[in-house]
Amino acid sequence: MKIQESAENYLETILILQQRNGSVRAVEIAAELDFSKASVSVAMKQLRENGYIEVDAAGHIALLPPGMEIAKRVYERHQILTRCLIALGVGEQVASEDACRVEHVISAESFEKIRAYYKKMQEK
C-alpha cells in the first residue's frame, strides 16, 4: 500500500518518540518536526481514520500494526541510508537529511540491494 510521504514521516516520528520517551502525544510530534499543533492534529486525525494509529482518552498516540509496519520500514531505510552515506564521507547532518528524502522514493528492490551490501560490509 502506498501512502503519502508526509504520513510516512509522521509514523516514523511516532516510532522514534515512542522508543525515546515511551509514550507520544501530538504536542511532542509538533515539537520534533517543528510543525504547528493544528497541522499535527489534522494529520493525526487522518492517520487514526485510516487505521494507522490510535489515540487514547489522555491523548497518547500508539501505532497500530499497519502503522507500525510502515514506521519500521521507513525508519530502517533512514538508518541504513544514513550510515551508508556517512561511510562514503558525507557529513552526518547532510547524510540524515538526504536519507530522509531518499527513504520515501527508493524502490524496494534497490533498498534490498543496499541493505544486503551494507550488511556484507559490516561483516568484514
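1. Among contacts in the protein chain between residues at least 6 apart in sequence, 56% join residues at least 24 apart; contact here means heavy atoms within 4.5 Å. This is a predicted model, in which local features need pLDDT of at least 70 and side-chain atom pairs count only at pLDDT 80 or more, while totals for chains, interfaces and linings use all residues. Residues are numbered from 1 along each chain as its sequence is written, and side-chain values use heavy atoms, with hydrogens and water left out.

2. Six helices and two strands make up the secondary structure of the protein chain. Helices (H or I, at least four residues) and strands (E, at least two) are DSSP runs, numbered from the N terminus. Their order along the sequence is α-α-α-β-β-α-α-α. The C-alpha trace spans about 50 × 30 × 25 Å along its principal axes.

3. Of the 124 residues in the protein chain, 32% are buried. Buried means under 20% relative accessible area, exposed over 50%, and partly exposed in between, with a 1.4 Å probe and protein chains only.

4. How many salt bridges does the structure hold? There are six salt bridges, each defined as a side-chain nitrogen of Lys or Arg within 4 Å of a carboxyl oxygen of Asp or Glu. Side chains of opposite charge can pair when their charged atoms come close.

5. One of these joins R73 to E8, with 3.0 Å between the closest N and O atoms. The pair links distant parts of the chain, since R73 belongs to helix α4 (residues 65-87) and E8 to helix α1 (residues 5-21), 65 residues apart. R73 has a relative accessible area of 31% and is partly exposed, whereas E8, at 4%, is buried.

6. A salt bridge also joins E76 and R115, whose closest N and O atoms are 2.9 Å apart. This pair, too, links distant parts of the chain: E76 is in helix α4 and R115 in helix α6 (residues 108-123), 39 residues apart. E76 is partly exposed, with a relative accessible area of 25%; R115 counts as buried at 19%. Both residues belong to a network of salt bridges that also includes E112.

7. The salt bridge between D98 and R101 is 2.8 Å, N to O. Both residues lie in helix α5 (residues 92-102), three residues apart, or about one turn of the helix. D98 is partly exposed at 31% relative accessibility, and R101 is exposed with a relative accessible area of 52%.

8. Two packed helices are described by the angle between their axes and the distance between the axes. Axes are lines fitted to C-alpha atoms, for helices over the stretch in contact, and angles run from 0 to 180 degrees between N-to-C directions. For α4 and α5 the angle is about 135° and the axes are 8 Å apart. That makes α4 oblique to α5, because angles under 35 degrees count as roughly parallel, over 145 as roughly antiparallel, 65 to 115 as roughly perpendicular and the rest as oblique. The crossing of α4 past α5 is right-handed; a crossing is right-handed if the near helix is turned clockwise from the far one by less than a right angle, and left-handed if anticlockwise.

9. Which residues of α4 and α5 meet? On the α4 side they are H78, L81, T82, L85 and I86, and on the α5 side E92, A95, S96, D98, A99, C100 and V102. By class, the residues of this contact divide into seven nonpolar, three polar and two charged. Ala, Val, Leu, Ile, Met, Phe, Trp, Tyr, Cys and Pro count as nonpolar, Asp, Glu, Lys and Arg as charged, and the others, Gly among them, as polar.

10. Helices α4 and α6 pack at about 55°, with their axes 10 Å apart, so α4 is oblique to α6. Here the crossing is left-handed. E76, R77, I80, L81, R83 and C84 of α4 make the contact with A108, F111, I114, R115 and Y118 of α6. The contact of α4 with α6 has seven nonpolar, no polar and four charged residues. E76 and R115, listed in this contact, are also the salt-bridge pair of point 6.

11. One backbone detail concerns D34, a residue other than glycine with a positive phi, near 60°. D34 sits in the loop between α2 (26-33) and α3 (37-49). At 69% relative accessibility, D34 is exposed.
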